[in-house]
Each structure stands twice: as structure tokens, then as C-alpha cells.
Amino acid sequence: MNTKQSVLLTGGRAPATLELARLLGSAGHRVIVAESARRHLCQHSRYVERSYQVPPPRQQPDAYIEKLCEIMQGERIDLLIPTCEEIFYVSRGRDRLLDFGEVLVEGIEVLRSLHDKWLFTEMAREVGALVPQTVRVQSPAQLREAMLQARAPVVLKPVYSRFAAHVQIVADPSSAVEQSTLPEPTVKQPWLVQQFIKGKQVCSYAVARDGQLTLYADYETTHTAGQGASIHFAYSAHPQVRDFVSRFVQRHTFSGQIAFDFIENEQGELYVIECNPRLTSGVHLFAGQQEAAAAYFSDRGKTVVPAGKQACMLGMAMLTYGLAGMTNGKKAKRWVSDLLSARDVLFRRDDPGPFFDQFSMLADLAWQSFRTRKSMIACSTSDIEWNGEEA
């Protein structure tokens, strides 16, 4: 029996996708990448046999699926693994793609419930999780009323969002109702007014097959890009987090990739904040573990967890966001210590191309940011993000 598979990855721009390509390639699998961006991190990796530029899924969803079908057929793909937010477009086209190979994603109605931060809070409660008090608002009047009712700091965020984009933390909600910087929710673009939980951020990433975990990691975030993405983190082996993830995937007989964000407060209470049903930075914790690659193909009756607790970091992001956060000597000392003790997830002696490719990719994003007057983070997802639009 041939155990070496041909795998198609989408979302080649993400460091996490590069890590997955390296994991699969190291295990002997043949890796092909499909990406809509002109420049991406997997483009010159030695672990990627071929890379295709495909139509942008957000602007051309039908052409995107058509091209993926063509690649799967031509390359004789065994398994398609979507990685970034284009996963929602892959999910919508899953029935067509299944004609050409296996696709590691649930149907769009399942993913919609997980991506919608309001619907997800209800799903989390159903498995007994603590969830911050949350109100959904669909008009400025509802937003005003919810803020007047709040008796403590709140977080304002769109129902659909990523990387904490547009998130506002309001310390005194009742005094802030007349501010011009407040969002204007609508029926089509509702927002959440959510209780602010002070504490440390913990995240998880897992792969499940029919409700059973085949790969699992949780990690405490030390540094983030702004209020969002983790850029320095280490495996924490948090029993409460693992218990929640196990119960959640079991209850929903979930198959695919699933990630959660949590806040643990000073009393040790664990609040579930949101779900990302896709690949996240947790995959970096499996670098060099060939057994992790097998977890994407089948339920082997064993859950693979990280072999060690060395911290991982996105080096360039640490230099930019981390430096900006050094507001006193204590923070500076901690930042230097964290920088020197962590592994940069992009640099590998045996695969140096992606490390240097990040500079041309960042230059491309900077040009897009200048041209569109949007942030670089917003530009990085403008062609793949999904905000609940119907087909």
C-alpha cells in the first residue's frame, strides 16, 4: 500500500501553511500549493513541489473552485487541506471538490456557526463552557442601549472578524455612547457588545476526525500583533482547555481543523472567546514531529501533542510589534529574553527560501496598504476573508 500522499494546500501566504508544508514534505508526502497572492511564503520552499496562482476566492468564488478542481484532477491530489480564511469558500465548493479527492473541511453551515461569534457563544455554552456576557446589536440605537446597560468594561467587535480587526475595548461604556468613533451596526453587519475579561490569553489548535482528536496543542500567548494574532507562544498543556476542545468536537462529531481562543482570569476561570475553524499558529509547535503529519489523514486512535515546550515566534513581527510594546525597562528585559529563547518559525537552515521571501511579500503588502489606505493586516486578507455572505 502506498502511504505517500499528494496533498494540495491553499493559503500559501501564512507561516502556518509553510509549517504544514514542511511537516508533510518531511514525512515524504508530495505537497502542491494553490494561492491567489502573487507572492507567498511557500513559493520557494524545498518542501513544495509546485505552486499555482489561483483566482481570489472572495472576488471570484466560482472561478476559484473551478481552478482547484482542475489542479486536483491534474495533480491527482489525494487530500485538499484549506488553511486560511479561504477555507469558507472551499467549504461552499466542497461537493464539487470531493469528485477529485478528499477535502479536510466541514460543510458551510457548520463553519458558519463556528465563524459567527454570536452563534458560537451559544454552541460553547451547550458544552458547559464559561462565555462572557454578550449582546448582539444590529443598529446604533441597540448599541447605545447595550452600552448604557453595561456596568463594567466591554469589548466591541463585529460578528464576523479576524485578527482582532476593528475590536474596541471600552473602559466606561455609559460615558462613551456619544463618541463618534463607535461602530454603526446594521442587520447585515451586526456587532457584539461583550463583557471584557481581564486575564491571560490561551489558544488551542486541533485536528479531529469524526469527533475524535488526532492532533492537539494549546499554547499561552506571550506577545501578539496588536490585540490579535499570536507572535510568541509556547505549548502549555492546559488540562481545562483540552477537556473543552475534546467535548466540543465530540458533541458535534466534528472533522477538520479547529482552533479556539480563551481568556483565563486571575481566579483561574477559563472563558471561551471565539472559534477559528482553520489552521492557526499552533501547528508550529509540531515542527520536526513526523508523526504529526499522519494526523491529517486518518484517526489512528492516538492524539499527537507537541513533543516539547520551546517557545515559537514570528521573528519579524516580534521586531516590529514587540519593540512598539516596550514601554518600560521591565518589558524591554522580558522582550529581549523572549526573543533570544524562541525559535523563529520561518528560518530553517535546510529551507532558507521562505525566510527571504517574507521581505518581498511584506513589501508587496506595504504597497497595497499605501495604495488602498488600509492596514497591512487588512490587505493580507482582503481577497480571502468571508463575512457570512451567501453564495
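Student: At what angle do helix 6 and helix 8 pack?

Tutor: This is a predicted model, in which local features need pLDDT of at least 70, side-chain atom pairs count only at pLDDT 80 or more, and totals for chains, interfaces and linings use all residues. Residues are numbered from 1 along each chain as its sequence is written, and side-chain values use heavy atoms, with hydrogens and water left out. Helices (H or I, at least four residues) and strands (E, at least two) are DSSP runs numbered from the N terminus, and axes are lines fitted to C-alpha atoms, for helices over the stretch in contact, with angles from 0 to 180 degrees between N-to-C directions. For helix 6 (residues 117-126) and helix 8 (residues 239-251), the axes are 10 Å apart and the angle is about 105°.

Student: How is the orientation of helix 6 and helix 8 to each other classed?

Tutor: Angles under 35 degrees count as roughly parallel, over 145 as roughly antiparallel, 65 to 115 as roughly perpendicular and the rest as oblique. The angle here is about 105°. Helix 6 and helix 8 are therefore classed as roughly perpendicular.

Student: Which residues of helix 8 meet helix 6?

Tutor: Contact means heavy atoms within 4.5 Å. Residues are classed as nonpolar (Ala, Val, Leu, Ile, Met, Phe, Trp, Tyr, Cys and Pro), charged (Asp, Glu, Lys and Arg) or polar (the others, Gly among them), and this contact has five nonpolar, no polar and two charged residues. Helix 6 contributes Phe 120, Met 123, Ala 124 and Glu 126, and its partners in helix 8 are Phe 244, Phe 248 and Arg 251.

Student: How many polar residues does the contact of helix 5 with helix 6 have?

Tutor: The axes of helix 5 (residues 108-115) and helix 6 come within 5 Å and cross at roughly 90°, which makes the two helices roughly perpendicular. Ser 113, Leu 114 and His 115 of helix 5 meet Lys 117, Leu 119, Phe 120 and Met 123 of helix 6. Beside four nonpolar residues and one charged residue, the number of polar residues is two.

Student: In which element does the aromatic partner of Phe 244 lie?

Tutor: Rings of Phe, Tyr and Trp (its six-membered ring) pair if their centres lie within 6.5 Å; planes under 30 degrees apart count as stacked, over 60 as edge-to-face and the rest as tilted. The count comes to 14 aromatic pairs. Tyr 160 and Trp 386 form an edge-to-face pair, 5.9 Å centre to centre with 65° between the planes, and this pair ties together parts that are 226 residues apart in sequence. Phe 244, in helix 8, pairs with Phe 262, which lies in strand 13 (residues 256-265).

Student: Is Cys 275 buried or exposed?

Tutor: The structure holds zero disulfides (pairs of cysteine sulfur atoms within 2.5 Å). The cysteine sulfur nearest to that of Cys 275 belongs to Cys 203, 12 Å away. Buried means under 20% relative accessible area, exposed over 50% and partly exposed in between (1.4 Å probe, protein chains only). With 3% relative accessibility, Cys 275 is buried.

Student: What is the relative accessible area of Glu 19?

Tutor: Glu 19 is found in helix 1 (residues 15-26). Not counting residues up to four places away in sequence, Glu 19 touches Val 283, His 284, Ala 287, Arg 343, Val 345 and Arg 348. Glu 19 is buried, and its relative accessible area is 2%.
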